[in-house]
Amino acid sequence: MLTRRQVITGAAVTAGAVLLPGTDASAHTSSTPFALGIASGDPLPDSVILWTRLMKAGLPNKPIEVEWQVALDERFRKVVRDGRTWARPELGYSVHVDPCGLQPGREYCYRFKALGSLSPVGRTKTSPAPWQDGGRLAFAIVNCQDLQNGYWPAYNGVAAEDLDVVLHLGDYIYEYDPHSRFADRNHTTPQTPGLDQLVTLADYRARHAQYKSDPALQAAHAKFPWIVTWDDHETENNYASLVDEIDDTGAQRQTPAEFARQRAAAYQAYYEHMPIRANLKPGSADLRIFRRFDFGRLARFNVLDTRQYRTDQPGGFPGDFGLPQAGTANVTGTLTGEDQERWLRDGLDRSPARWNVVAQQVMMSRIKLPNPTGGVPAILANLDQWDGYAPQRTRLLQHLTDAKVRNPVILAGDIHSTWLSELRVDFDKPEQAPVAVEFTATSISSDFPIAFDAPLKALNPTLNPHVRYFDGSRRGYLRCVVDRREWRTDARTVDTIEVRDTPVTTTASYVVESGRSVLHTA
């Protein structure tokens, strides 16, 4: 049986570990301390997080003063907020500014100054006033950007869109050793090569900095505020709470105490590189990032963390691909933990919003997968997804209908392919009315094995009739435009990731009308 890593990542051609421009080395040797760019995120009606991380050779081992400005214009003639803060070495010289007192639903420009240099100018936007009912919300859903697998022309497409916010649903970095067919896309070399994973804070910082150095990603960050959450690869493939990846052996395999130290390093580096509003305690293996965002009374986004609190994937199968019965029998299993599940239910029950969104990492739809070996069993399940935690999924979907949650929408990523589905409490009863819709975004660059694309397209109508659209052949993102009447989702994809820039086109468009969890072609 193929492991999940083999299925998802496919084969790569070995190349030498060469550091060329655009990697962490060039960021260290840059003449500006802002080589990693700038970003904003977690928009509120009166604030938005402003982020940068100073990186330059010879930075002193002491705090560095950083000035910041927020203005109504890109020339900064109308500055509305400004101040000073410190980039501290113990936090990798990262900066998180929360400039309160901004106006709701307003576009702003921002910039930093440090060590005599000005940063690039970023554009951001606050969320609407809490009482605003109506209007239009446009956003992109992105995820899974394995730098070694190819370039990111999809991010050039994101930067060219007219959006209010970008949602990143995980796998912002990948932990694997240098191994790319592109000479300028080899990963940074970790302190312990050969493990095919990152371990130390220095490992994770270097990898994040390498990813942040990509110009397409920088452009997308500079254009819009982002709301981010992690999945597994920001720490390690398929980890569950403090349980190491099931396929790890020998020196790769870690005890819970060892993994806690690795997770603490991964979580700190994530915080240091993201425009996120969170309370980091350096050295701690815990960091709460599940949180909630309201866009007036139009949409509420409940952003989950399905890694930090989950129980282990059931069954003990290699790669966590195995018998679907292991997931249906997992009555004590949880992807969220009890506290986060209670928090989610409360947020759904008390929501004033017309559209109630659960933004999370792994696909909620039940998916029957044909065994790629052609052997027995004929049907497999990806037990790292909600299929591995089916009783909790049923409980949540039943709650949506019992509590009469208005227009529930599930967002997901992780699987490197586009899936647009209708969710039912009992997937074996297609006559039931759907209780929610799910939009699963394809990857920015991470691979989906093309050999599985045609069989799934042929078998989905029989095995997975609730899936209204599937495509595993193309990389890209989802663009969503929402108003009081309907939700429209467009699959925005590129023909290739072999080059840095190529046109983005719309390959599918589906609409959901308010009041009905049914997908229609646009």
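Me: Buried means under 20% relative accessible area, exposed over 50%, partly exposed in between (1.4 Å probe, protein chains only). Is His-399 buried or exposed?

Reply: Buried, because its relative accessible area is 18%. This is a predicted model: local features need pLDDT of at least 70, side-chain atom pairs count only at pLDDT 80 or more, and totals for chains, interfaces and linings use all residues. Numbering starts from 1 along each chain as its sequence is written, and side-chain values use heavy atoms, leaving out hydrogens and water.

Me: Where does His-399 sit?

Reply: In helix α9, residues 390-402. Helices (H or I, at least four residues) and strands (E, at least two) are DSSP runs, numbered from the N terminus.

Me: Which residues does His-399 touch?

Reply: Leaving out residues up to four places away in sequence, Arg-345, Asp-349, Lys-404 and Val-405. Contact is heavy atoms within 4.5 Å.

Me: Switching to Ala-87. Why call Ala-87 buried?

Reply: Because its relative accessibility is 0%. Ala-87 lies in strand β4, residues 79-87.

Me: What is around Ala-87?

Reply: Beyond neighbours within four places in sequence, Ala-87 contacts Leu-54, Lys-62, Pro-63, Ile-64, Val-66, Tyr-93, Ser-94 and Val-95.

Me: Now the open sheet. What is the strand order?

Reply: β12-β13-β15-β18-β20-β19-β21, seven strands with mixed pairing. Strands pair if DSSP finds at least two bridges between them.

Me: In what sense do β13 and β15 pair?

Reply: Parallel, over five bridges, with β13 at residues 299-303 and β15 at 355-359. Val-303 stands opposite Ala-359 of β15.

Me: Which helices pack on the sheet?

Reply: Among them is α8 (residues 338-349), which touches β12, β13 and β15 and runs at about 180° to β13. Helix α10 (residues 453-463) touches β19 (418-423) and β21, at about 170° to β21. Angles run from 0 to 180 degrees between N-to-C directions; axes are lines fitted to C-alpha atoms, for helices over the stretch in contact.

Me: How do α4 and α6 pack?

Reply: At about 30°, axes 8 Å apart; α4 spans residues 201-212 and α6 256-273. On the α4 side the contact includes Leu-201, Tyr-204 and His-208; on the α6 side it includes Gln-262, Ala-266 and Tyr-270.
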